[in-house]
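Please read the following briefing alongside the sequence and the three-dimensional structure. The points are grouped by topic.

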Amino acid sequence: MIESLLTFLRYGLVFILILVLIRSFIGPSAADRVVAINYAVSLIVMLVLLSAPYAEINLYLDVALVFVLGAFVATLGVLRLLEEGKL
Amino acid sequence: MFRHIKKDPVGFVFLSFLLLVFWLLISASFDWQHILMGTVISFLLMTFWADVIFIREGGTRFTPGQALRLLVYLVSLGIEVVKANVYVAYLVLHPRMPISPGFVTYRLGLEKDLSKALFLNSITLTPGTITVECEEDRLVVHCFTRENAEAVQHWPLYHQMKKLEGSGKSD
Amino acid sequence: MFTDIVIALSLLWGFFFLMVGAVGMLRLPDIFTRMHAMGKCDTLGAGLILFAILFIVPDFTSGVKVVLIGGLIATINPVMTHLIAKTAYDRKDAVAPATWYEDNYSRKGRG
C-alpha cells in the first residue's frame, strides 16, 4: 500500500516541480525567480528522499542533507549579488 | 587567535562540543578514531572561526526555566504554523482570492539578538504575515489582509517572548 | 497497520500543502504574497513528509539525520523568506495594485 502511494507521490512531486519551474521561467523580477528556485530545491530534496528504496535510505539522507546546505549557501550568494551588485 | 578562549572558555568548549556531536551524528560511528578526529577538527574550527560566532562581548546563557519556556514557545509556534498553512490554503484555493495586501511598520520591543531572530522567524511562520525589514527597533511586516495586521498587535507569542527574555540572566 | 495509516496520512497532507504552495506561486499577484506561500507551505509540507519518513528509516542514526534535515529546513526557510523580502523591498520591486501602507512606528508605544 505504502509502495504504491510512494510511486504516486513521485509523479505528483514532479508535476508540482513543473508548476514551480513555470513560475521561475515567467517571473517578472529576479527575486521571483529566486523564490521559485528556492521552492524547487525543497521539492527536489523531498523527491530524493521519496525516491529512495526502503533498504538504502541511509545513503539518500546524506545526499539530501548536503543538498539543503549547498542550496542555502547558493541562495545567499545570489541574494548578495542582487543586493550589492557584486559578490 | 586564542583570545576567545581566555574571554569565554565555557562558551568555547560548549560550541566545540556541539560541533563534535554534529560530526558524530552525521558520521554515525563511535570508535576512537572518529572521536579523536572530530575533537581535533572542531577545536581547530572554533579556533579559526570564533570571530564569526562571538560577535559581542560575553555570550548568551540559558537558565533551566528559560529552556522550559522556550519549549512551550516552540509548541505554540507549531500550532500557529498549522493554522497559517490552513489559512494560506484557504486563500489560495478560494476562486476570487479575498486579499488586500499591505505593509505595516511597528515598533519592536525586544533587546537581545537571539530572541529578536526567533521572534522574526515566528512572525514569518504565523498566519498572514511575513517580516520584510528590521533595523534596530523598526519592524516592517507584510500582511495579506487588514485583519492580520490588527492581529499582530495583541499576539500571545509576543508576550511569551517578552517573558522568556525577561526571565534570563542578562548578557 | 496503524503505522501505515499515520505514514499515508502525513504523506498525503504534506503533498497537499506542497501543492498549495505551488498553486499559490502561480496564482498570487506579486512577489511578497508569493513569498507567503513559499515560507509557510514549504515548512509544513516538507515537515510532514519528513515526519512520515521518520517511520520508514531503519535505524537510529538515520532518524537523527531526518530530524536534522527537518530542523535545517524549518530554520533556513523563514530566514530565506526574510532575506528575499528585504532584497525585493530594497530594490522596490513591483507590488500588487491595491497595496496599502500604514505607519505605526511614529506613534507612541508599541503597535
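Strand β1 (residues 102-107) of chain B is joined to β1 of chain C by four bridges, and the two strands run parallel. Strands here are DSSP runs of E with at least two residues, helices are DSSP runs of H or I with at least four residues, and both are numbered from the N terminus. This is a predicted model, in which local features need pLDDT of at least 70 and side-chain atom pairs count only at pLDDT 80 or more, while totals for chains, interfaces and linings use all residues. Residues are numbered from 1 along each chain as its sequence is written, and chains are lettered from A and ligands numbered from 1 in the order in which they are written.

- The open sheet has four strands in the order β2(B)-β3(B)-β1(B)-β1(C), with mixed pairing; two strands pair if DSSP finds at least two bridges between them.
- Its edge strands are β2 (129-135) of chain B and β1 of chain C, each of which pairs on one side only.
- On average, and with direction ignored, neighbouring strands of this sheet are turned by 20 degrees against each other.
- Helix α3(C) lies across β2 and β3 (138-143) of chain B and runs at about 65 degrees to β2(B).
- Such angles run from 0 to 180 degrees between N-to-C directions, and axes are lines fitted to C-alpha atoms, for helices over the stretch in contact.

**Contacts between the chains**

- Two pairs of chains are in contact, and of these, chains B and C share the most contacts; residues are in contact if their C-beta atoms, placed from the backbone, lie within 7 Å.
- In this pair, 37 residues of chain C are in contact with 35 residues of chain B.
- The largest share of the side of chain C that touches chain B comes from α3(C), with eleven residues.
- That side of chain C divides into 19 nonpolar, eleven polar and seven charged residues; Ala, Val, Leu, Ile, Met, Phe, Trp, Tyr, Cys and Pro count as nonpolar, Asp, Glu, Lys and Arg as charged, and the others, Gly among them, as polar.
- The contact of chain A with chain C takes 35 residues from chain A and 38 residues from chain C.
- On the side of chain A that touches chain C, 26 residues are nonpolar, six are polar and three are charged.
- Chains A and B do not touch, and their nearest C-alpha atoms are 8 Å apart.

- The axes of helix α2 (residues 30-51) of chain A and helix α2 (residues 31-56) of chain C come within 11 Å and cross at roughly 10 degrees.
- The helices α2(A) and α2(C) are therefore roughly parallel to each other, a term for angles under 35 degrees.
- The residues of this contact comprise eleven nonpolar, two polar and three charged.

**Chain A**

- Chain A contains three helices and zero strands.
- The radius of gyration of chain A is 15 Å, whereas a compact globule of 87 residues would have one near 12 Å; the radius is taken over C-alpha atoms, and the globule rule is 2.2 Å times the number of residues to the power 0.38.
- The C-alpha trace of chain A spans about 50 × 25 × 10 Å along its principal axes.
- The average pLDDT of chain A is 87, and 100% of the residues score at least 70; pLDDT is the predictor's confidence in each residue, from 0 to 100.

Notes. Parallel < 35°, antiparallel > 145°, perpendicular 65-115°, else oblique.
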